[in-house]
Amino acid sequence: MPARVTGTGGGAVKLNCQAFHTDNQGTWLVWLHGLLGSGDDWFPVVDACDRYPSLVVDLPGHGNSANVNVTGGFAEMSELLTATLIGHSINDYCLIGYSLGGRIAMYHALYGKQNGLRGLLVEGGNPGLFSQQERDVRLRNDQHWAQRFRQEPMASVLPDWYQQPIFADLTTAQREQIIHLRSQNRGDRIADMLENTSLGHQPWLVPALQQISIPFSYLCGENDRKFQSIAQQYRLPLTTIPQVGHNAHYGNPVAFSSAVNCFLSLFG
């Protein structure tokens, strides 16, 4: 699965990416990971979706994009994604995003320069909070975590981060493995991204999502009660991944890949 890596030099800032299966023609799959992750998280799934060319993106502050900084929230993030796609001459693509990556994908699909966007797959991405009060509470919570990421070693913060209810389905071994992988992150960069793309800053996307004109699927682990409830409450097109919780592509990559391939087969 040969890859080419693109840096951020040369003109407009672009995100570091890896491209796979570039001999294939047609719609590109563009993969956006979650907070604390990197493009590498997608490799087992990308390998199983080998009928399509794939662009695996490192988000700002993460992986090989650690030195890319976003200060303008979702609008700037969407522009950065557009610049990255243009830099790779990608004008026919499907966005696939997990958690934070899913929120970025939804925003871009609704409000970004999405010429050429053919489909949207969101895994456990929150479509937003309805009231300003809810957004204010979330922003304060994210600012609290950001302060910890800036001031404490990753080894101190991550065990607490992965004790949050959304990660309750992880086994002890899985939690330890993820903490080990995520400990390579820079706390200050994670903090910047967490604050700038906080759910407290995200628009309420539900009405626009309900009217979206491109193929759209909302993927969710069967044990992820919170996001299943969100999908059902707002009538989002839910696809359930068996035997896993919030991080479905990590917990069951075979079933997740099958769901992605099925979605893609419906519109070529």
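Cys 49 is buried, its relative accessible area being 0%, where buried denotes a relative accessible area under 20%, exposed one over 50%, and partly exposed the range in between, computed with a 1.4 Å probe on protein chains only. The model described here is predicted, and for that reason local features require a pLDDT of at least 70 and side-chain atom pairs count only at pLDDT 80 or more, whereas totals for chains, interfaces and linings use all residues. Residues are numbered from 1 along each chain as its sequence is written, and side-chain values rest on heavy atoms, with hydrogens and water left out.

The sulfur of Cys 49 has its closest cysteine sulfur in Cys 94, at 9.8 Å, which is too far for a bond. Cys 220 likewise takes part in no disulfide, the nearest cysteine sulfur, that of Cys 262, being 17 Å away; Cys 220 counts as buried, at 1% relative accessibility. The structure as a whole holds zero disulfides, a disulfide being a pair of cysteine sulfur atoms within 2.5 Å.

Side chains of opposite charge can pair when their charged atoms come close. Eight salt bridges are present in the structure, each defined as a side-chain nitrogen of Lys or Arg within 4 Å of a carboxyl oxygen of Asp or Glu. In one of them, Asp 188 pairs with Arg 186, with 3.3 Å between the closest N and O atoms; Asp 188 is partly exposed at 32% relative accessibility, and Arg 186 is partly exposed at 39%. Salt bridges with shared partners also join Arg 148, Glu 152 and Asp 160 into one network.

Arg 150 counts as partly exposed, at 39% relative accessibility.

Two packed helices are described by the angle between their axes and the distance between the axes. H4 and H7 pack at an angle of about 165 degrees with their axes 7 Å apart, the axes being lines fitted to C-alpha atoms over the stretch in contact and the angles running from 0 to 180 degrees between N-to-C directions. The two helices are therefore roughly antiparallel, a term applied to angles over 145 degrees, while 65 to 115 degrees counts as roughly perpendicular. Residues making the contact include Trp 145, Phe 149 and Arg 150 of H4 and Ile 190, Asp 192 and Leu 194 of H7, contact meaning heavy atoms within 4.5 Å.

For helix H2 (residues 73-87) and helix H3 (residues 100-111), the axes come within 10 Å and cross at roughly 80 degrees, which makes H2 roughly perpendicular to H3. Among the residues that meet are Phe 74, Met 77 and Leu 81 in H2 and Ile 104 and Tyr 107 in H3.

Arg 135 also lies in helix H4 and is buried, with a relative accessible area of 15%. Leaving aside residues up to four places away in sequence, Arg 135 touches Leu 129, Phe 130, Leu 199, Gly 200 and Gln 202. Arg 135 and Pro 203 are separated by 68 residues in sequence and by 9.4 Å in space, C-alpha to C-alpha.

Technical notes
Helices (H or I, at least four residues) and strands (E, at least two) are DSSP runs, numbered from the N terminus. Angles under 35 degrees count as roughly parallel, over 145 as roughly antiparallel, 65 to 115 as roughly perpendicular and the rest as oblique.
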